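Reader: Please take a close look at the aromatic rings in this structure. Which rings pair up, and how are they arranged?

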Amino acid sequence: MGGIGKTQTVLEFVYRYQTSYSRIYWVSAGTQDSLLNGYAKIGKLANIVVAPESKPIEVAEQVLLWLNKTSNWLLVVDNLDDISVLSTSAVGEQNIVHMLLPESGPGHHTLITTRNKHADHIPAQTAEVPLFEEFEAIALLASLSGLPVHPNSAENEFAHKIVKELGRLPLAMGQAAAYIKQVSGSFTKFVEHYTAFRSQLNAWVPDGPRPYPYSVATTWVMSLDEIRKNNPIAVQLFRLLAFLNPDNILIDFLKSGVAGLDHDLQRLLSDEFEFSNALLSFETFSLVKWNRQRSSISLHRLVQAVVKDKMSIDELIYFRGMINAVCDQAIPNDFQDRVRFRLYIGQVMGTLLDPELLESEIAAHALCYAGSFLREDGNNTDGEVLLLRSCKILEELLGCDHNCTLVAQHQLAWTYWAQAKMAEAARLQEEVLEKRKKILGEDHPETLRTMHNLLHTYWWEERLEEANKLEEEFREGVRRGKAPYDVAEQYK
């Protein structure tokens with residue numbers, strides 16, 4: 001991916017093995033023009049005679065012939081993201097591999113960098129440049145910032161925070177180190193500044209000479225701009241992915257929630273061919289990893305941050321609204337569908353607990369349903385967190401007396417009960433019971449259901465006097481035939 005250090009890795013190779021070669025050449029392959037210009041410069045350095053009227057492509061072919069007859073050279077072809085720049089004719093008409101690359105062999109070494117995951121038809125050994133390990137990222141941050149990181153120190157703690165936030169990306173580490181050196185002066189201050197001004201820091205360009213001319217933000221924005229030229233709806237899909245779990249986005253989850261998307265994205269996800277093309281365009285720039293076997297997508301969390309930071313307020317609201325609807329639609333309606341529920345809960349947890357969540361009835365419904373499932377599945381801690389947020393959103397949007405709010409509070413009370421937090425459960429059940437009596441009436445089935453639940457809590461707390469009084473009131477409701485069937489059956 002952009003910013004992971006491909007060019008720096010090649011530079012290290014060049015410096016380490018420079019004595020092994022008589023000649024080392026470096027050309028940029030960002031466009032065909034830059035590639036042809038690079039070959040023309042090699043021709044001048046090698047004193048290759050070409051006719052004055054020769055076209056750039058003809059000059060390049062002469063240079064390649066000369067390289068094929070010469071030994072002991074290294075050619076670096078940098079940033080070959082669009083493989084079609086190697087072709088001298090329309091893409092697909094000829095085998096482009098043999099067009100604008102020299103022959104390989106002993107003493108004929110070509111080293112290529114590319115973001116294009118689908119460049120494997122070039123006859124070369126491939127090696128993916130991985131993200132740094134955490135200790136490597138911290139070492140780079142310390143080295144470039146000039147600040148030592150000692151074990152069990154405050155610097156070590158904040159260095160770990162920086163590395164986690166920036167996802168161990170070398171370009172981001174270098175940019176952060178430059179900012180620390182030139183502006184903040186410490187890891188602590190950088191964390192403060194990054195929290196407050198993330199988008200500005202990701203777009204910040206340090207002073208002085210730099211081996212890489214772009215900021216973290218610019219690197220990926222340029223890639224998306226290239227994709228937008230041919231497939232604008234694919235960019236809309238990528239923007240949607242910025243709001244999901246970056247480590248494992250299940251394609252089945254997206255398709256299960258497709259009804260929550262706008263018309264264009266619904267059409268894209270429903271068309272297997274177009275959807276695959278969109279994912280392939282992301283892979284071409286190494287913006288995502290597409291695992292065909294697991295039917296999942298992953299992307300770098302810093303890429304997600306940059307994409308969101310480039311959105312307007314209206315765009316953020318629009319996409320957050322869609323992602324809420326996707327989560328709500330994708331969560332299974334039946335708690336018995338536990339296998340799918342367990343698969344999807346990891347997809348919605350991070351999204352629904354995002355501090356910048358668009359607080360809506362749809363989000364609150366998804367939170368309530370997911371939280372209730374987690375309780376039924378034995379995960380009371382996470383269930384409580386989701387249900388607390390659902391209650392808060394509903395209270396603010398609909399008020400404390402609305403039925404949806406009372407339903408969420410009822411589910412939260414049961415979660416307290418499952419955690420043996422009987423005092424909290426009783427307090428909340430008492431509140432819900434009073435409101436249901438007032439709003440629905442004392443004989444309403446839901447009022448009696450809440451009464452039945454509170455009765456169980458009183459028994460567990462050994463509040464016998466209150467339990468006996470409430471039981472008599474409840475039995476009256478059963479005799480009048482108002483209690484829900486599943487509850488009334490216990491008292492016949």
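Author: Ring pairs join Tyr179, Phe190 and Tyr194 into a cluster. Rings of Phe, Tyr and Trp (its six-membered ring) pair if their centres lie within 6.5 Å; planes under 30 degrees apart count as stacked, over 60 as edge-to-face and the rest as tilted. This is a predicted model: local features need pLDDT of at least 70, side-chain atom pairs count only at pLDDT 80 or more, and totals for chains, interfaces and linings use all residues. Residues are numbered from 1 along each chain as its sequence is written, and side-chain values use heavy atoms, with hydrogens and water left out.

Searching the whole structure gives 11 aromatic pairs. Phe243 and Phe319 form a stacked one, 6.3 Å centre to centre with 5° between the planes. This pair links distant parts of the chain, 76 residues apart. Phe243 sits in the loop between helix H10 (232–241) and strand S4 (249–250). Phe319 belongs to helix H15 (residues 313–330). Helices (H or I, at least four residues) and strands (E, at least two) are DSSP runs, numbered from the N terminus. Both Phe243 and Phe319 are buried. Buried means under 20% relative accessible area, exposed over 50%, partly exposed in between (1.4 Å probe, protein chains only).

Now take Phe341 and Tyr369. Their ring centres are 6.0 Å apart and their planes at 25°, so this pair is stacked. Phe341 is in helix H16 (residues 338–352) and Tyr369 in helix H17 (residues 361–376), 28 residues apart. Phe341 is buried, at 1% relative accessible area. Tyr369 is partly exposed, at 21%.
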